[in-house]
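Subject: Handing over a structure, with notes

Dear colleague,

I am passing this structure on to you, and my notes follow below it. Please have it open while you read.

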Amino acid sequence: MSTNKVAVITGAARVIGKAVAEAFVARGYRVVIGDVIDDVGTETVKELNRNAEVAFYKHCDVTSYAEQEALFRFAAESFGGIDVAILNAGVAEIGGPFLAQEDLEVGLRNLDVNTSSVIRGTKVALPHLHKRGGGVLIFTASIVGLGTNYFSSLFPIYTASKHAVVGWTRSLAIMKDAVGVRVCAICPSWVETDIIKMSSGFVDAENKVPMSTVVNAFLLAIDDPSINGDCILALPHGVEVERADQRRYGSEASEEVKNAYWKEIAAAHRETLDTAVAKLNI
Ligand SMILES: NC(=O)c1ccc[n+]([C@@H]2O[C@H](COP(=O)([O-])OP(=O)(O)OC[C@H]3O[C@@H](n4cnc5c(N)ncnc54)[C@H](O)[C@@H]3O)[C@@H](O)[C@H]2O)c1
């Protein structure tokens, strides 16, 4: 399968991100990976390039706005534009008593990587996707972004960080009308990766999600044009979609008034992004 499409994926040197990069390359995408484990990322890209040069690796600590800007600019310059941005990098504070000072610092770093960096990455990615005439913006959240489980007190900051990503996703559904960018959050349950090795065994008895199911969730995000502002759950038994409007509350205003406001706000976002594209000269 061949396409001229380009995806940027953060945190894709290994496991989930790497599996998604492989699936996108198999679909004919060219991919640019940003991560902090440079030796692993370089090896991953070598594997992706075994038949043709379709992938690049660039060091990118997502907590740095400048490094995310450089990653996206590099991808656009290398491959001519960006159609899909996958903000996947994440860390987990699992296992520590979160009130201890040193663990608090680790926990707060969770928020910076998992939440603030998704916000940074969104701001960086949107002008590129707009320049391309639209695209898809995918965040890797988690099933604990939608609720808690029996163990959530062991990783409350991680849980909060992923709830924030889900809220961010639902809030951005307007971008489809503004600039043709669909947004969604992938919410996997436990997947056998390095991130859960920190769990000290408490998830050993839990059913794990096959990596193929996680990858299918990402592919659904790009294949299904009706997905927008939604969460795609990757569960041990398969993929499910939780629609954003299942959780949209309030406003006594009439549909007519709400639609008029929606259009006005979408136009304001489009204008802001027009300005961003011109200013950034991308
Ligand atoms: N494994 C699971 O059970 C599970 C479940 C739900 C969600 N997730 C989410 O999936 C995503 C991928 O995690 P994974 O399970 O593949 O774990 P992982 O630790 O193997 O991968 C995380 C990747 O992010 C990178 N990363 C960490 N900090 C970074 C930073 N500051 N800048 C750039 N890259 C950074 C890591 O180097 C690594 O390549 C994460 O967002 C994670 O929270 C994982």
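What should the twelve residues of H1 span at 1.5 Å a residue, and how far apart are the end C-alpha atoms of H1? The expected span, which is 1.5 Å times one less than the number of residues in a helix, comes to 16 Å for H1, and its end C-alpha atoms are 16 Å apart, so the two agree.

Before going further, please note that this is a predicted model, in which local features need pLDDT of at least 70 and side-chain atom pairs count only at pLDDT 80 or more, while totals for chains, interfaces and linings use all residues. Residues are numbered from 1 along each chain as its sequence is written. Helices (H or I, at least four residues) and strands (E, at least two) are DSSP runs, numbered from the N terminus. I call a residue buried if 20 or more other C-beta atoms lie within 10 Å of its own, exposed if 12 or fewer do, and partly exposed in between, with the C-beta atoms placed from the backbone.

Helices

To stay with H1, its buried residues are Ile-16, Gly-17, Lys-18, Val-20, Ala-21, Phe-24 and Val-25. Val-15 belongs to this helix, which covers residues 15-26, and has a positive phi of about 25° although it is not a glycine; with 17 C-beta neighbours inside 10 Å, Val-15 counts as partly exposed. H1 is followed by Gly-28, which has a positive phi near 95°.

Helix H3 (residues 65-79) can be described in the same way: its 15 residues should span 21 Å at 1.5 Å a residue, and its end C-alpha atoms are 21 Å apart, which agrees. The buried residues of H3 are Glu-67, Gln-68, Leu-71, Phe-72, Ala-75, Ala-76 and Phe-79, and after H3 comes Gly-80, with a positive phi near 90°.

Helix H5 (residues 156-171) has 16 residues and reaches 22 Å from its first C-alpha to its last, close to the 22 Å expected at 1.5 Å a residue. Among the buried residues of H5 are Ile-157, Tyr-158, Lys-162, Val-165 and Arg-170.

Strands

Strands are said to pair if DSSP finds at least two bridges between them. Strand S1 (residues 6-10) and S4 run parallel and are joined by three bridges, with Ala-85 in S4 as the bridge partner of Val-8. S4 also pairs in the parallel sense with strand S5 (residues 135-140), over four bridges; in S5, Leu-137 is the bridge partner of Ala-85, and Phe-139 that of Leu-87. S5 is joined in turn to strand S6 (residues 181-188) by six bridges, and these two run parallel, with Leu-137 opposite Val-183 in S6.

In a regular strand the side chains alternate between the two faces of the sheet. From strand S4 (residues 84-87), Val-84 and Ile-86 point one way and Ala-85 and Leu-87 the other way, and all are buried. From S5, Gly-135, Leu-137 and Phe-139 point one way and Val-136, Ile-138 and Thr-140 the other way, and all of these are buried too.

Nonpolar core

A nonpolar core here is a set of buried Ala, Val, Leu, Ile, Met, Phe, Trp, Tyr and Cys residues joined through C-beta atoms within 7 Å. The largest has 79 residues, and those with the most contacts inside it are Ala-21, Val-31, Ile-33, Ile-138, Ile-186, Ala-221 and Ile-232. The largest share of this core, seven residues, comes from helix H8 (residues 211-223).

Around the ligand

Of the 28 residues around the ligand, Gly-11, Ile-16, Ala-89, Gly-90 and Thr-193 come nearest. H1 and helix H7 (194-197) each supply at least two residues of this shell.

Two further residues

Ala-92 lies in the loop between S4 and helix H4 (101-131) and counts as buried, with 25 C-beta neighbours inside 10 Å. Asn-281, in the segment after helix H9 (255-280), has a positive phi near 55° although it is a residue other than glycine, and Asn-281 is exposed, with 6 other C-beta atoms within 10 Å.

With best wishes

Notes:
A residue is near a molecule or strand if its C-beta atom, placed from the backbone, lies within 6 Å of it.
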